[in-house]
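Open the model in your viewer and keep the selection tool at hand. Each stop below tells you what to select and what is there.

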Amino acid sequence: MMKVLLLATILIVAIYVWKQGYHDNSPSPHITFKEAPILSPEQEQQNSFDYLNTLRYKAGMSKFLHNAYLEKSAQSHASYLTYHDSIGHYEEEGKRGFTGVLPKERILHAGYKTPLSMENVSSQTIGYKKSIEGLFSAIYHRFGFLDFQMDEVGVGVSQNPKDSSKTAYVYNMGVYEINDLCAGVSYRGRGDYTYNICADKTFRIEKKAFDRAYHACYIRNQKVVIYPYAGQEDVPPAFFDEDPDPLPEYRVSGFPISIQFNPAYFKFVRLKSFELFVAGEKVEETLLYDHISDINSRFKRNEFALFPLKRLDWDREYHVKVVYDVLGKTEQKEWSFTTQKLPFKPIMIDQPTSSIQISAKHPTLLYFKPQHPDDILDDIKYDSELDISFVDKNTIMITTNAKLGEVFQLHLSHRDITLLVSH
């Protein structure tokens, strides 16, 4: 009897979604699904908040404040997504749980006083770390979490009680200082003022007060923000998909490295070089994005990202060197990070046919080294006596209780693997 498993990602505008799906094309299938663990939404909310703040702080940013109204809107949308088995930022009027079509409408409905906000969403991910790390691997969403103006957040987490694999993590971010002004008294003085900033569009804010509030968050952050941060470990080695897609011709590439220059200290930065090294050798195949070269026009001025066009290695230290010019003066920044270490050494597969010995007592890791930019694991057919789970879209873990000497076939899109059970 054969099992068929399809690993797929579903992404929509302005969210990162990691979604595992299953497709059966065998004549008489026997498919076994692992039950996803039951989450504690309250604990996941707290863990998400803490982990997100840890990453922000180590990258060079102030920690997010917690906001109950942002949390209310985020939780409402998370519940809406899992109830309707939906993904994304939008809600449909008339459906149960509807509080607004757009994120800013839902945030205002929850009681937040200004529509100045951002939203990140991940769906069908199990665990706060996978959710946040997935969003950080997607460059546009990373810059949302590392936006110099956003300084407070509310997290919503929901899991469908009938299908534990269907989850939603929603992160609503806002600006504390502006929200605080909008919660006060409308300005009635004779000086310059601004309006159309608060939930009440006629609400006036004195221009000097608005300018102070607007820039207050910037000065609490470091001059230069980097990610992965200096000394970071357990960095995913690969980037797969995002929508809008910064690398539409690549289904698999290396984890992007980013550097941002704080607008409070830098009006204009001219990048002279942005390089990645491993074992002293420069990684040659890279693509540099800034606010001009970004094909989706999402980067702000003084945001830069280096995309390695081939995925990074497991458990390797990488070194980054950035040289830039500010007002005619050349500066540089260097740091290192280390990619994820697997629990044990994987067997690398780089041929269309292979014969592999697997253990009946211990799991086996198979890493299918990408042979081209489109090379990810899609349909996999395998015997029902094998248990296969995905580490990422190029790496799987196999466990079995089969008898010694048994032989199985593993069929992938363009690879055939013979598995011999031993020791």
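Select Cys182 and Cys198: they form a disulfide, with their sulfur atoms 2.0 Å apart. A disulfide here is a pair of cysteine sulfur atoms within 2.5 Å, and by this rule the count comes to one disulfide. The pair links distant parts of the chain, 16 residues apart: Cys182 is in helix α6 (residues 176–182), and Cys198 is in the loop between β7 (193–194) and β8 (205–206). Helices (H or I, at least four residues) and strands (E, at least two) are DSSP runs, numbered from the N terminus. The torsion about the S-S bond of Cys182 and Cys198 is about -75°, so the disulfide is left-handed.

This is a predicted model, in which local features need pLDDT of at least 70 and side-chain atom pairs count only at pLDDT 80 or more, while totals for chains, interfaces and linings use all residues. Residues are numbered from 1 along each chain as its sequence is written, and side-chain values use heavy atoms, with hydrogens and water left out.

Are Cys182 and Cys198 buried or exposed? Both are buried. Buried means under 20% relative accessible area, exposed over 50%, and partly exposed in between (1.4 Å probe, protein chains only). Now select Cys217, which is in no disulfide; the nearest cysteine sulfur, that of Cys182, is 16 Å away. Cys217 is buried, with a relative accessible area of 0%.

Next, go to the aromatic rings. Rings of Phe, Tyr and Trp (its six-membered ring) pair if their centres lie within 6.5 Å; planes under 30 degrees apart count as stacked, over 60 as edge-to-face and the rest as tilted. By this rule the count comes to 18 aromatic pairs. Select Tyr289 and Phe307, an edge-to-face pair with 5.3 Å centre to centre and 70° between the planes. Tyr289 lies in strand β15 (residues 286–289) and Phe307 in strand β16 (residues 303–308), so the pair ties together parts that are 18 residues apart in sequence. Both Tyr289 and Phe307 are buried. Then select Phe136, Phe145, Tyr171, Tyr227, Tyr229 and Phe255, which form one aromatic cluster.

Two rings have a charge over the face. The rule is that NZ of Lys or CZ of Arg is within 6 Å of the ring centre and within 35 degrees of the ring normal. Arg56 lies over Phe64, at 3.8 Å from the ring centre, and Lys63 lies over Tyr57, at 5.4 Å from the ring centre.

Now look for the cores. A nonpolar core is a set of buried Ala, Val, Leu, Ile, Met, Phe, Trp, Tyr and Cys residues joined through side-chain atoms within 4.5 Å. The largest has 59 residues, of which Phe261, Phe274, Leu276, Tyr324 and Phe337 touch the most other members. Apart from it lies another core, of 21 residues, among them Ala360, Ile388, Phe390 and Leu419.

Select strands β23 (residues 386–392) and β24 (residues 395–400), which run antiparallel and are joined by six bridges. Two strands pair if DSSP finds at least two bridges between them. Here β23 and β24 form a hairpin with two residues between them. The bridge partner of Asp387 in β24 is Thr399.

The last stop is His66, in strand β3 (residues 65–66). At 45% relative accessibility, His66 counts as partly exposed. Which residues does His66 touch, not counting residues up to four places away in sequence? They are Phe49, Glu71, Glu152 and Val153, where contact means heavy atoms within 4.5 Å.
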